[in-house]
Amino acid sequence: MTQPPTIATLDLIGAEAASVLGDGPLRLCDASEPADDGAPWSIRVGIDREGRLPDADPATFDTLITTAVDAPAPWVTVAAPRLDGQLASVAETARRAPIACHIFARLLRLGETLPAEAALEMESLGYSTLLAGGEFARWRSGCAPGADHRTAPAPVRYARDGDAVRLTLASPENRNAMTAPMRDALFEALCSICDDPTGPAVTLDAEGPCFSTGGHLPEFGTAPDLALAHAIRTMRSAARLLIALGDRATVRVHGACIGSGIEIAAAAAHRVARRGSFVQLPELRMGLVPGAGGTVTLGRAIGRHRLMWLALGAFRLPATTAQTWGLFHRIES
């Protein structure tokens, strides 16, 4: 009879698994160099310091960085004086949360090959796994509790004019944070539009100083049953419904669009931003991955290479740059 592994054996297995991470999964390399097999956990960052745009194979990299101005996709342009500072920033994220970074890279690579609904479910599984992990626990233990602002009684306003529906995030007192009540109200409103046999068009916007600052921090990690949370997240995905609406869906954003605030918005077929808006993804620094659909919606809007860089550095992406990347179709004053 096979004996169960002892505590000592389990410790060795754990040490072996952790050893592949070393000092982090990030592998900085010259973009002109041929790919090597590398470690399966590695995140390959191809760097073009001279701005020559070498003939690199995007399939062998997770992100491609160049100093060339206005480089075409999938390259990310970083001004030469800022390159080392930004590389240090992404390296620090990977050092602090190597497992979250690895899972994020795998979600982006695998998600390219899957239908949107399957990729959304895979993202949620990764998110729930990380919620139970040590990286998120460490972030949460060192995070000062945020103010528990309550969501407005009617966090999503519904208005119809003929064949057009306008949904407005209407909880400006907490900067339209995606609380559970906000998420549920948005999902229910989108459900009614999807089920409407007249097929109305829908525009999603927001009131207050910004579109949405994303998930409500006091709610993070409070779900008592992560398996159930995964099921709820998957079944009640606003991003999934916006994708299903196809050409009928438009989003108009302004100000801060952070975390789920841009992940959901990016699911709309038509995306408009007010001048001065910005996008940011802070999840990797929290030991998590985007969990409201961003690996799918943003990945398909701007490509996995640019999304990888944006999330690794938690950089603020101005709307004008986001437009050149394909995230927004129009910028308005």
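**View 1. Arg44 over the ring of Phe61.** In this predicted model, Arg44 lies over the face of Phe61, at 4.5 Å from the ring centre (a charge sits over a ring if NZ of Lys or CZ of Arg is within 6 Å of the ring centre and within 35 degrees of the ring normal). Local features need pLDDT of at least 70 and side-chain atom pairs count only at pLDDT 80 or more, whereas totals for chains, interfaces and linings use all residues. Residues are numbered from 1 along each chain as its sequence is written, and side-chain values use heavy atoms, with hydrogens and water left out.

**View 2. The aromatic pairs.** Two aromatic pairs are found in the whole structure (ring centres of Phe, Tyr or Trp, the latter by its six-membered ring, within 6.5 Å; planes under 30 degrees apart are stacked, over 60 edge-to-face, the rest tilted). Phe136 and Trp139 form a stacked pair, 5.9 Å centre to centre with 25° between the planes, and both lie in helix H5 (residues 134-141), three residues apart. Phe136 counts as buried because its relative accessibility is 3%, while Trp139, at 21%, is partly exposed (buried is under 20% relative accessible area, exposed over 50%, partly exposed in between, with a 1.4 Å probe and protein chains only). Trp309 and Phe315 form a tilted pair, 5.5 Å centre to centre with 35° between the planes; Trp309 is buried at 2%, as is Phe315 at 18%.

**View 3. The buried residues of helix H6.** Met182, Leu186, Phe187, Ala189, Leu190, Cys191 and Ile193 are the buried residues of H6, and they pack against elements including strand E5 (156-161) and helix H7 (226-235).

Methods
Helices (H or I, at least four residues) and strands (E, at least two) are DSSP runs, numbered from the N terminus. Contact means heavy atoms within 4.5 Å.
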